[in-house]
Structure formats: structure tokens, C-alpha cells
Amino acid sequence: MVPTTTAPDGRTGQKTGPEEAPAPPRGLIIFLNGTSSSGKSSIAEALLRTLDEPCFHLPVDAFHAMRSRRDIAPDDLPDVLERTWRGFHRAVAGMAAGGNTVVVDHVLSQPWRLLDCLGLFAAEDVVLVGVHCPLPELERRERARGDRPVGLAAGQLANVHAHGVYDIECDTAAADPLECARRIKEFLPRRPTPTAFQQLRRSLGVSGPA
């Protein structure tokens with residue numbers, strides 16, 4: 001027997017199957033990349049105040065903070081940290097796939113992190129932002145904040161921008177976070193194609209999501 005449906009006016013018709021909700025539009029990922037203490041989180045917070053649409057700040061530090069408080073053997077720590085980063089990337093991809101605008105602050109200091117993101121994110125929907133800061137200022141900020149090992153930023157500096165391609169770049173020693181956020185906001189409607197992520201996919205031979 002073919003199932004039927006009844007309309008509010010009493011008319012009946014054939015039911016063809018369960019209705020599917022329309023897929024949400026893909027969200028935008030504003031990807032801030034720079035060393036520790038370069039000012040990424042401050043720019044992200046300014047973007048949340050500046051952008052017109054609702055958006056989310058997803059920092060990897062929040063994912064590290066959610067991990068259970070127990071001692072990890074030194075030999076196990078690299079694997080735990082890598083799994084945390086990989087889970088973080090997939091959480092970002094999921095939020096964007098749900099149609100959300102996501103502001104990410106990241107440290108591309110290890111090549112696999114970029115490759116993982118290139119394979120997960122819709123490259124046309126990523127705005128890759130280079131967040132730069134001169135080493136003397138990075139070292140001053142490290143000393144002032146006191147919650148990062150001295151020398152952490154210096155150790156990341158040679159690798160974090162090694163991929164060399166960005167959609168837009170900021171120097172946080174020359175502009176404050178709000179000015180950087182405003183520049184990024186103004187750039188969004190006129191971002192060119194191919195995007196930095198699209199260029200990196202081609203140059204590195206990485207396939208993206210289906």
C-alpha cells in the first residue's frame with residue numbers, strides 16, 4: 001500500500017519519502033596563522049566584535065584546556081598533542097560545514113598541520129591571514145605575559161610562515177588588533193580567487209573534501 005499524506009484542506013496525495021532539510025550554506029573560516037604571542041587571539045577577539053554576522057572563535061588552547069588533568073608520560077605526549085590538533089581541525093571543519101563563520105588562531109609550525117587542514121577545509125571558503133610580529137617584540141611580549149616558555153616564539157618563527165602564501169597579512173607591531181580586524185573585514189567581500197588554500201592545495205598536491 002502506498003502511504004499518503006493529508007493536506008490542511010483535506011486533500012490527500014502520495015507520500016514519496018521522508019523530507020530532507022536543505023543543506024546549510026558553507027561557513028567561512030578566517031584562519032589566523034602566526035607564532036605564539038604574535039597577537040592572533042587579540043585579533044580574533046576584535047573580529048568577533050567587528051564582523052556583522054554571528055561568528056565563533058575556536059582557539060586550539062581551548063581544546064588543550066579541555067583535556068583531563070593528569071600526568072602524561074614524556075614518550076606519550078607527542079601523540080596526545082597531535083591527536084588534540086587533529087581533533088581541533090575536525091571541529092573547525094564541522095562548524096564551518098554547519099554554515100558558521102569561524103575565526104581560528106593557529107600555529108603552522110609543523111608541516112603536517114597545514115596538510116591536514118588543506119585536506120579537511122573547503123579551500124574556497126578559507127581566508128588565510130598571516131599574523132607577523134618582529135622577534136624583539138615577540139620576546140618582549142613573552143616576558144610580559146609570563147605564561148609561555150621564553151624562546152617559544154623564536155623557535156616557531158622559521159617554520160610558521162614557511163609555506164609563504166597568504167590571502168592577507170598583518171603586522172601587529174605596526175597595527176593594533178582592532179585595526180587588523182577592520183582590515184580583514186574590509187578584505188572579505190573582495191577576496192580574490194584562487195585563494196591561498198587553493199594555491200597551496202595545487203602546489204602541494206593535496207586533495208580536498210568531496
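Predicted model: local features only at pLDDT ≥ 70, side-chain atom pairs only at ≥ 80, totals over all residues.
Residues are numbered from 1 along each chain as its sequence is written, and side-chain values use heavy atoms, with hydrogens and water left out.

View 1. Helices (DSSP runs of H or I, at least four residues) and strands (runs of E, at least two) are numbered from the N terminus; the protein has 8 helices and 7 strands. Ser37 isn't a glycine, yet its phi is positive, about 70°. Most residues other than glycine have a negative phi. Neighbours within four places in sequence aside, Thr35 is in contact (heavy atoms within 4.5 Å) with Lys40, Leu138, Ala153, Gln156, Leu157 and Val160.

**View 2. Glu142, a buried residue in α5.** Glu142 belongs to helix α5. Is Glu142 buried or exposed? Glu142 is buried, with a relative accessible area of 2%. Not counting residues up to four places away in sequence, Glu142 touches Ser37, Pro149, Val150, Gly151, Leu152 and Ala153. Glu142 and Ala153 are 11 residues apart along the chain, and their C-alpha atoms are separated by 8.1 Å.

**View 3. The largest pocket.** Picture a 1 Å grid over the protein atoms alone: a pocket is an open set of points with protein on both sides within 12 Å along at least five of seven lines, whereas a cavity is a set of points where a 1.4 Å probe fits but cannot get out; lining residues have an atom within 4 Å of a point. The largest pocket holds about 620 Å³ of space, a volume being the space filled by probe spheres set on the points, which are joined across faces, edges and corners. Its lining has 26 residues, and Ser36, Asp61, Val107, Arg148 and Gln156 lie nearest the centre. At least two lining residues come from each of α1 (40-50), α2 (60-65), α3, α4, α5 (135-145) and α6 (152-160). By class, the lining has 8 nonpolar, 9 polar and 9 charged residues; Ala, Val, Leu, Ile, Met, Phe, Trp, Tyr, Cys and Pro count as nonpolar, Asp, Glu, Lys and Arg as charged, and the others, Gly among them, as polar.

**View 4. The largest nonpolar core.** A nonpolar core is a set of buried Ala, Val, Leu, Ile, Met, Phe, Trp, Tyr and Cys residues joined through side-chain atoms within 4.5 Å. The largest one has 25 residues, and Ile29, Phe31, Phe88, Val92, Phe121, Leu128 and Phe197 have the most contacts inside it. β3 (29-33), α3 (77-97), β5 (101-106), α4 (111-120), β6 (126-132) and α8 (196-204) each supply at least two of its residues. The largest share, 5 residues, comes from α3. Apart from this core lies another, of 21 residues, among them Leu28, Leu32, Ile168 and Phe187.

**View 5. Helix α7 and Ile184.** In α7, the buried residues are Cys180, Ala181, Ile184 and Phe187. They sit on the same side of α7, because they cover an arc of only 125° around the axis, taken from the directions from the helix axis to the C-beta atoms. What covers them includes β3, α1, β6 and β7 (168-171). Ile184 has a relative accessible area of 0%. Leaving out neighbours within four places in sequence, its contacts are Ile30, Leu32, Ile43, Leu47, Val129, Ile168 and Cys170.

View 6. Pro194 is found in the loop between α7 and α8, joined to Thr193 by a cis peptide bond with omega about 0°. Within α8, Ala196, Phe197, Leu200 and Arg201 are buried. Seen down the axis, they fall within an arc of 135°, so they line one face of the helix. Arg202 and Ser203, on the other side, are exposed. β3, α4 and β6 are included in what covers the buried residues of α8. After α8 comes Gly205, with a positive phi near 65°.

Conventions
Buried < 20%, exposed > 50% of the residue type's maximum accessible area, 1.4 Å probe, protein only.
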